[in-house]
Amino acid sequence: MRHSGPVDSHHFEALGTNCSLFAVGLARGRLLEGEFWVRRMGARLTRFSPDSELSRFNASPGSWMDVSPELESLLRESLRAYEMSSGLVNVAVLRALEGVGYTRPLSDGQPIATELRARPLPPLPDVLAIRPGAARLEPGAGIDLGGLAKGWMADRLGDALGPNALANLGGDLSARGMGPAGDGWPVGLGGSTVLLRDQGAATSSVRRRRWSVEHHHLIDPRTGLPAQTGLEEVSVVATSGAEAEVVAKTALLVGPAVAPAYCAAHALAWWLSP
Amino acid sequence: MRTGILKAGATLLTIAATALSALYVTAHLKNPAAPLQPTVLSASGATTVSAPGGTLTLGPSVQPSTAHPVTSTYAS
């Protein structure tokens, strides 16, 4: 069944970035419902609000805490991402982010560059345990869901908005169906346009969220320091938004010598920028 | 006497069947033409394009387009 036709779109700011929802043959109210869902999830999963579910979880180490189905799903996705990336995508990165000065949203002002001290991240399975309806964090550890949450949310939005829709949450996107012309959703990737059909895309970069030559937001778990790998930006198309996020970040962290082979094994299309 | 003959006959029949089966199996180890692996897309179907600022590689399941993109993936 083809669902081609004019595209309805809805743009808004949330999650500290720009978000866009597109759909063919969908009531506009559904796109607004999508925005409200993004805002609700953002409020629940942000590390910058002490009242968020994630902040309460980070503040309750050493004991089991009841978690919502959404946070449980994301934490399980985080463990999957850790395995898929051989440990290079590690959401137990909060203490390292705080250590490099990223303690508040960038919209509240530039972080203060701190003295950099290497401190490798703990293996995620050693500090995060999950059982149905509850999770437990080891003392000293902290979770930042970052781009993984955006990819996960884009995938759920893509599913919820119907058979022919696209959700783009700050560059992490999920495309469902055959797009407006019936041959896929035209999406910009590395300066070119590609057609996505039931696929996701994401970009990982050290060019944004940077506040000094050495300080930026993308932490290398092997050192606990901002990554310096010889790649500055990687964009990836994969089977889902969350998977694209994991592959893009991993490719950037392994660097230019290994990234092409890694992407060939895990991605459907990729853009590598040194 | 008759029981002994039956036992010996059964034993010989079993040994013969085992030996013949072993000979057949060793002579027909496998069919080289059997489709033991499912057909998969070849990775060599990927195309790589150098562009200002980097390289773009498209696998066989992602098609390029000249259409105007409705949105892009980008760093945020």
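Tutor: Helices (H or I, at least four residues) and strands (E, at least two) are DSSP runs, numbered from the N terminus. This is a predicted model: local features need pLDDT of at least 70, side-chain atom pairs count only at pLDDT 80 or more, and totals for chains, interfaces and linings use all residues. Residues are numbered from 1 along each chain as its sequence is written, while chains are lettered from A and ligands numbered from 1 in the order in which they are written.

Student: How many helices and strands does chain B have?

Tutor: Chain B has one helix and four strands. Along the sequence the pattern reads α-β-β-β-β.

Student: What share of chain B do buried residues make up?

Tutor: A residue is buried if 20 or more other C-beta atoms, placed from the backbone, lie within 10 Å of its own; 12 or fewer make it exposed, and anything in between partly exposed. Of the 76 residues in chain B, 9% are buried.

Student: Now chain A. What order do the strands of the open sheet have?

Tutor: Strands of a sheet pair through backbone hydrogen bonds, parallel or antiparallel. DSSP must find at least two bridges between two strands for them to pair. In chain A, three strands form an open sheet in the order S3-S5-S4, with antiparallel pairing. Its edge strands are S3 (64–66) and S4 (128–131) of chain A, each pairing on one side only. Neighbouring strands are turned by 25 degrees against each other on average, direction ignored. Axes are lines fitted to C-alpha atoms, for helices over the stretch in contact, and angles run from 0 to 180 degrees between N-to-C directions.

Student: Over how many bridges do S3(A) and S5(A) pair?

Tutor: Three, in the antiparallel sense; S5 spans residues 134–137 of chain A. Trp64(A) has Arg136(A) as its bridge partner in S5(A).

Student: Which helix packs on the sheet?

Tutor: Helix H3 (residues 69–84) of chain A, touching S4 and S5 of chain A. Contact needs C-beta atoms, placed from the backbone, within 7 Å. The direction of H3(A) makes about 130 degrees with that of S4(A).

Student: How many residues of chain A are in contact with chain B?

Tutor: 39 residues of chain A, against 25 residues of chain B. Elements giving two or more residues to the chain A side include strand S2 (17–24), strand S8 (185–189) and helix H8 (259–266) of chain A.

Student: Which strand of chain B is joined to S8(A)?

Tutor: Strand S4 (residues 71–72) of chain B; two bridges join the strands, which run parallel. Gly188(A) has Ser72(B) as its bridge partner in S4(B).

How values were computed
Two residues are in contact if their C-beta atoms, placed from the backbone, lie within 7 Å.
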